[in-house]
Amino acid sequence: MPIVVNKDTCTGCETCVSSCPYDAIVIREGKAEITELCQLCKACLGVCPEGAIRETGESGARREKSEGTGVWVFAEQRDGVIAGVSFELLGAGRRLADKLGTNLSAVLFGPNAAGPDELIKWGADRVFHCEDELFRNFNDEPFAALLSRLIGQHKPEIVLAGATPIGRSFIPRVAARLHTGLTADCTSLDIDGESRDLLQVRPAFGGNIMATILCPETRPQMATVRPRVMKRAEYDLSRNGEIVKVSAADVGSRTRVVETVKEVSEVAVNLQEANIIVSGGRGVGGEKGFHLLYELADALGASIGASRAAVDEGWIPYRHQVGQTGKTVGPRIYFACGISGAVQHLVGMQSSDIIIAINKNPEAPIFDVATYGIVGDLFEIIPLLTKRIREAKGL
Amino acid sequence: MDYFLTEEQLMIRDLARQIAEEKIVPVRAELDETGEFPWDVMKTIAQSDLFGLFIPEEYGGLGKGCLELCVAVEELSRACLGVSTSYAANALGTYPLLLFGTEDQKKRFLPDIAAGKRLVAFGLTEANAGSDAGGTQTTARLEGNEYVINGTKQWITNGGVAEIYTIIAITDRSKGPRGASAFVVEKGTPGFSFGKKENKMGIRASATTELIFDNCRVPRENLIGKDGAGFLVAMKTLDSSRTGVGAQGVGVAQGAFEEAVKFARKRVQFGHPVITFQAIQHMLADMATSIEAARALVYAVARFIDSGAKDVSKESAISKLYATDVAMKVTTDAVQVMGGSGYMKEYPVEKMMRDAKILQIYEGTNQIQRNVIGQALIKEFARSK
Amino acid sequence: MNMVVCIKQVPDTAEVRINPETNTLIRDGVPSIINPYDVHAIEAALQIREKAGGKVTALTMGPPQAEVALREALSMGVDDAALLTDRAFAGSDTWATAYTLSKAIQLLGADIILCGKQAIDGDTAQVGPEIAEFLDIPHISYIRKIDEAGGGRIVVQRLMDDGFDVIESSLPVLLTVVRELNVPRLPSLKGKMAAKKAMIRKLTAADIGAEESSLGLRGSPTQVKNIFAPESRKDRKMLEGTIEEKVEALVRELVGLKCL
């Protein structure tokens, strides 16, 4: 096992025991021992006050590091409209490509006459476009087959896709087929200066903590990226690029979309497009507490969000949930009321421009990400704030 | 405390607890408010096999005894007495068939009861006959091969929702207590109808109605036990079920106690959680002590019954009396510990307190339990001297 | 209809906390559970069995302790259970996990394979689609309703961001399910008692004929570099004073930023 305990320096203090999410560390004869339950999640590294837990470095010699050049972005579209995340990926991809000194390509499947040009203006140097009707609806198999084929032919070193229902469903098939690694739902990407490897950061353990993932030996390095966390590049009308038409010959599908039904929840849309969001957590205490937030939201013209804790308690429906298992939002102002700030929640709202945290507990982690923090009882603060905002707006 | 339950008994407890926490706690306040019968919960209990707990395996049950039933009832009661009353009344209504039914009757009814396909109710109480079973006015007259039943039963738990009713009626008034007989009557029998659903102080999720018999004809095979054995059937049924009421008391007390402790840890007054105050600690200590004593007593009596003991009247009365008095005291004290919050419907303890009151009343008031114990003492000491 | 449900035993991550001083996980008292999405997959398989007949096998990969999760699945009513357990599987990422599970599924045989949408400890949602690729069968993700299953085909509803798609597929197929699909049943007592006694089939790397170079740490293209707690914001301003002063200060800031 690549994580070991140095029995000479281990004092048996048990600090590491509770840090393991898989119960894989036990104390035997006064020393810590890592059992077969270990999942190599590395949550214990750095926990030991004596520095007795470390990696052995044997990662099992594998195949030669495979080669590849260029950064690719899968540009997702639905009903002929390119998804916003595609432009965000071009922004991220541009940064990575520039750092690596390589070029940036986008891949677009399905009919869309203006699409390739758009992608170039948003930062792509080259666009692979397959206009085949086969891609009008989303079926996993043909998407996976054609993307795998293109990657096999052109050998990029990095492939990014949106962590959307579409990207998260078919990209794994591509990674499986190409025998390469895939990191899900990344919130940050960078290049390691020495190895030139892609550093892929994502939330782990239900969003309680962050992990950096590497794919050191196989290429391409693949990642799905959370929508609304990456910045778009500048839209440049004067940009030029190459458009490569791709044929879908020999690509088939054993699934067939019979019907597509639109069922847009207003709240979900409102949350993701909202300028201001007032969000409540466990500290709000119940449905009644949320009424205070509705008042504040009303005064601000804001939408209502909630943490998982509040949704789990049944105080507010799931469609209001912000965070790892809910929506990712990026409003101008985000009010976090009675939200402690578990990473699970933070990953869904951290890209907000201004975060205002109101919490009784001065130690609450929400204050670590806040622009403005108020320690105090929200049941006193919110009504007063609502009143003052109404006055300031002359309502 | 560890009561050395077997692995199977622990399994029963865990399953009942899971049902209570996942399916009952989320709906109990609403059930209390609306007084709707918890059909969904009953369906879950049916799927879980708990309706068949005490029914022999040859009739599709699990062949367990009183202790297992008490363990299940306790867990359900911890979440909601209204639900647990509906469940326990099913057992109450089944005992006459189980204890005195013919092989045919058992084959006809027990498999459906065990599977939870049909609910059961027991009909003894009437307007003029509650504690005094001798006041029973419902009659059953033999005409050819049929009994014709007339009269009205009152405050019958599971009335209207059950499909099988075991009831007591007078077949020969001249014989006094030996003139009563027990019958099984199915819902839908012509001449058998229900009064309106009662509006109760507590256990509001449970259904309580009158059973109205107006020249209701049932075949002779529906007689349970011998003609004239009605009061014996009733008494033996109550002997078997009373400890279950004690288990309800333990459960609701435990539920209220846990709410009180949880609250006392959080509620801050004078800069400290109120649980740090000795006045609160002593109340909680007394609650914990009496709950544990009640549980120990209920389990001990249940084991005594399961041992096959012949006469369990006194012991079952003792367990019902003590555990339900504890339930009333503990739920009242839980409201007190939580103060204004305890009195509000936001918290479940005021409901638990309202619910708990019925335990001192139904299946023989606690005054009647004392009579039963007293009479048993007289007999016991007359024998020993 | 032969069905395999892939389940995973996970720590109940809703209960995991972070120690704010050391930025490390606190696991004390956090129970291990069947991944909640997988419970819906089990329920879906049981419901298909009730209508179309067949056999349901629960499959998991993990240490010997993962047997507990399989017994729970058995108590809900699945017919059979298999545990992939071998030291060679340790350290598997999603690629190696999917490879290993697909080898076992080939051995067990299945017309429909069901998985939860994702596991709550990893949240990758990758293993299901990757298994389908290894088996070279179609898959459909985020199933919120199963309209028809039988006669060599299946019609389901796939939840999307803006509604849902109705999709038809040939069998065999792999489905990943979301919570909206059903309300999982609780175990029954008879099920629990039978589950306690049931034999659980143990499968090793040799049993499934897996290539060693594709297993565990060696077969995993990705690796965790490090784990960390997010950094705090540098420009934070804590508002001080009485409640009135704090609120006043905030309103002033918002007005200054032209937010009002």
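Between domain 1 of chain B and domain 3 of chain B, 9 residue pairs are in polar contact, both residues of each pair being at pLDDT 80 or more. A polar contact is a pair of N or O atoms within 3.5 Å; within protein, one atom must be able to donate a hydrogen and the other to accept it, and residues adjacent in sequence count only if both atoms are side-chain atoms. On the domain 1 side of this contact, α2 (28–34), α4 (66–79) and α5 (81–100) of chain B each supply at least two residues; helices (H or I, at least four residues) and strands (E, at least two) are DSSP runs, numbered from the N terminus. The residues of that side divide into 14 nonpolar, 5 polar and 6 charged, where Ala, Val, Leu, Ile, Met, Phe, Trp, Tyr, Cys and Pro count as nonpolar, Asp, Glu, Lys and Arg as charged, and the others, Gly among them, as polar.

The model is predicted: local features need pLDDT of at least 70, side-chain atom pairs count only at pLDDT 80 or more, and totals for chains, interfaces and linings use all residues. Residues are numbered from 1 along each chain as its sequence is written, chains are lettered from A and ligands numbered from 1 in the order in which they are written, and side-chain values use heavy atoms, with hydrogens and water left out.

Chain B is divided into domain 1 (7–119), domain 2 (121–228) and domain 3 (231–384), with bounds that come from an automatic or database domain assignment. The centres of domain 1 and domain 3 of chain B, taken over C-alpha atoms, are separated by 20 Å. The contact (heavy atoms within 4.5 Å) takes 25 residues from domain 1 and 35 residues from domain 3 of chain B. The two domains bury about 2300 Å² between them, 65% of it on carbon and sulfur atoms; buried area is the accessible area (1.4 Å probe) that two parts lose on being put together, summed over both. In domain 1 of chain B, B:Glu74, B:Arg78 and B:Leu81 lose the most area to domain 3, together 25% of what that side buries. There are 4 salt bridges between domain 1 and domain 3 of chain B, the criterion being a side-chain nitrogen of Lys or Arg within 4 Å of a carboxyl oxygen of Asp or Glu. B:Arg28 forms a salt bridge with B:Glu259, with the closest N and O atoms 3.9 Å apart.

At the interface of chain B and chain C, 20 residues of chain B are in contact with 12 residues of chain C. The area buried there is about 1300 Å², of which carbon and sulfur atoms give 69%. The rule finds 1 salt bridge across this interface: B:Glu7 pairs with C:Lys196, the closest N and O atoms lying 3.7 Å apart. Both α1 (7–24) and α3 (39–47) of chain B supply at least two residues of the side that touches chain C. The largest share of that side, 10 residues, comes from α1(B). Its residues divide into 7 nonpolar, 6 polar and 7 charged.

Chain C has 6 helices and 15 strands. Of its 260 residues, 58% count as buried, that is, under 20% relative accessible area, with exposed over 50% and partly exposed in between (1.4 Å probe, protein chains only). In helix α5 (residues 189–197) of chain C, C:Leu189, C:Gly191, C:Lys192, C:Met193 and C:Ala195 are buried. The cover over the buried residues of α5(C) includes α1 of chain B together with α2 (67–76) of chain C.
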